[in-house]
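Subject: The structure, and notes on it

Hi,

Here is the structure I said I would pass on. Please open it next to this message, and my notes follow below.

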Amino acid sequence: MHSPPPAPTRTPVRLTQFAHGGGCACKIPPGELEDVLGGLARPGPPPGDTPLLVGLATGDDAAVVALPERDGSPARAVVSTADFFTPVVDDPYDWGRVAAANALSDVYAMGGRPVLAVNLLAWPRDVLPFELAREVLRGGLDVAAEAGCHVGGGHSVDDPEPKYGMAVTGLADPARLLRNDTGRPGMPLSLTKPLGLGVLNNRHKATGERFEQAVATMTALNRDASAAALAAGARCATDVTGFGLLGHLHKLARASDVTAVVDTAAVPYLDGAREAVRDGYVSGGTRRNLEWVAPFTDFGSADDDTRLLLADAQTSGGLLVAGEVPGAPVVGELVPKGAHSVVLR
C-alpha cells in the first residue's frame, strides 16, 4: 500500500520583487517634482466660493478648504489627500495596513480627522493571484476601521506593477490646523517616530529578512501624535515620509522662513537601522534626497552614515512637530533664518 503523495508546498510570493522601488522611496525625486509643479498654482475661486486654506504653494501634506458656516454650525474645513505606492513589504496584508496608515497620516499631519477613504489599486492580474489583492485591501480596511474612517469603494486598474493606497477626506478646525508654514524662531522640534524605515525596508527587499519593529512602526497611526500636538497648542507640523527628515524639514523651514537646527544625537532610530546603512542597504530615493538637500544644509561634523539616515526615505513615518509633544523626543529647534535652511549640530 502506497502512502499518498505529500501535498504540494506553495512558495510564498515576495511582493517586493515585483516593484522597481518600495514604499515612499519610489516617489518622484523632490527636486524634479518641484520643477514640474513650479508655476502651476492658480488664483483661487471667485469671492463667495469655498476658500482654499492650504494648496500647492507651500508643498504641505494635504489640501484644505473651508466650509461655509450655515445655521450656526461650527467652522469646519475639509482636508483632502491621496497616497499610494509599490509594495514595501512582502506580506500583502501588512502592505495594505502600511499603505493605509501612510495615506491617513497626511490628514493627521494637518491636524484633521479622517472620515472617508477610497481605495486606489493597481494590480498585474495575469501575474499575481487576485487573492493577494484581497489581502492588501483587507489590511487597508482594518487600519481605516481602527482610525474610525469609512472606506467607500475606490478605483482599480490592470497594471504591470502592483500599487496600493488611498484617497482620504478628513475634517479639521480651520483655526487649529497644523501647517508647514507656521513655524517661528524659538519653537522646539519633536519627532514622534524613530527613523530607519527606509534602510530596513530596503534590506527586507534584498534579503527577505522581516523586521517586526519596522512593520509595527509603519502600521501605527499618527492619530494620537496629532491629537497630542493640537492639545499642546502646536500649529506647525509635517509628517516624515519619502523625502526623509532632512527633506521635510527643509520644506518646513523654507515655508516658515526660518532655519531648523537638528541635534543629531537626539534623533531616535529603529534597531538595526545603522547596521543596514553600514551594510549598504540604502535606496536610490534616499541618495536622491541627500543630493537634493545638500545645497540647503550645513552638515557640520555629521558622518556619511548619519547623513544618509537623516535623509532616509521613510514610509508611514512619524510627525515632525514645531512644539513639544508628550512622549516624543525633542530633536532640535527653529531659529531665525540663516544661510542654510537646516543645520546639523
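This is a predicted model: local features need pLDDT of at least 70, side-chain atom pairs count only at pLDDT 80 or more; totals for chains, interfaces and linings use all residues.

Residues are numbered from 1 along each chain as its sequence is written, and side-chain values use heavy atoms, with hydrogens and water left out.

A302 has 15% relative accessibility, so it counts as buried. Beyond its neighbours within four places in sequence, A302 is in contact (heavy atoms within 4.5 Å) with R307 and L344. T264 is 38 residues from A302 in sequence, yet their C-alpha atoms are 7.8 Å apart in space.

The other loop residue is N222, found between α5 (212-219) and α6 (223-231). N222 is buried too, at 4% relative accessible area. Setting aside neighbours within four places in sequence, its contacts include S105, Y108, T192 and K193. With S105 there is also a side-chain polar contact of 2.8 Å. Polar contact here stands for a pair of N or O atoms within 3.5 Å; within protein, one must be able to donate a hydrogen and the other to accept it, and residues adjacent in sequence count only if both atoms are side-chain atoms.

**The sheet**

Now for the strands. Six of them form an open, mixed sheet in the order β1-β2-β3-β6-β4-β5, where two strands pair if DSSP finds at least two bridges between them. The edges are β1 (52-54) and β5 (150-158); each has a single partner strand, so one side of each has no neighbour in the sheet. From one strand to the next the twist averages 20 degrees.

β6 (residues 163-172) runs antiparallel to β3 (residues 76-85), with nine bridges joining them. β6 also pairs with β4 in the antiparallel sense, again over nine bridges. In β6, T169 is the bridge partner of S80 and of L116. Seven of the ten residues of β6 are buried, so this strand is largely enclosed by the rest of the structure. Helix α3 (residues 130-146) lies across β4 (113-123), β5 and β6, at about 170 degrees to β4; axes are lines fitted to C-alpha atoms, for helices over the stretch in contact, and angles run from 0 to 180 degrees between N-to-C directions.

**Salt bridges**

How many salt bridges are there? Counting a side-chain nitrogen of Lys or Arg within 4 Å of a carboxyl oxygen of Asp or Glu, the total is 15. One of them joins D158 and R125 at 3.9 Å, N to O. This pair links distant parts of the chain, with D158 in strand β5 and R125 in the loop between β4 and α3, 33 residues apart. R125 is exposed, at 52% relative accessible area.

E161 and K163 form another, with their closest N and O atoms 3.5 Å apart, and both residues are buried.

Best wishes

Technical notes: Helices (H or I, at least four residues) and strands (E, at least two) are DSSP runs, numbered from the N terminus. Buried means under 20% relative accessible area, exposed over 50%, partly exposed in between (1.4 Å probe, protein chains only).
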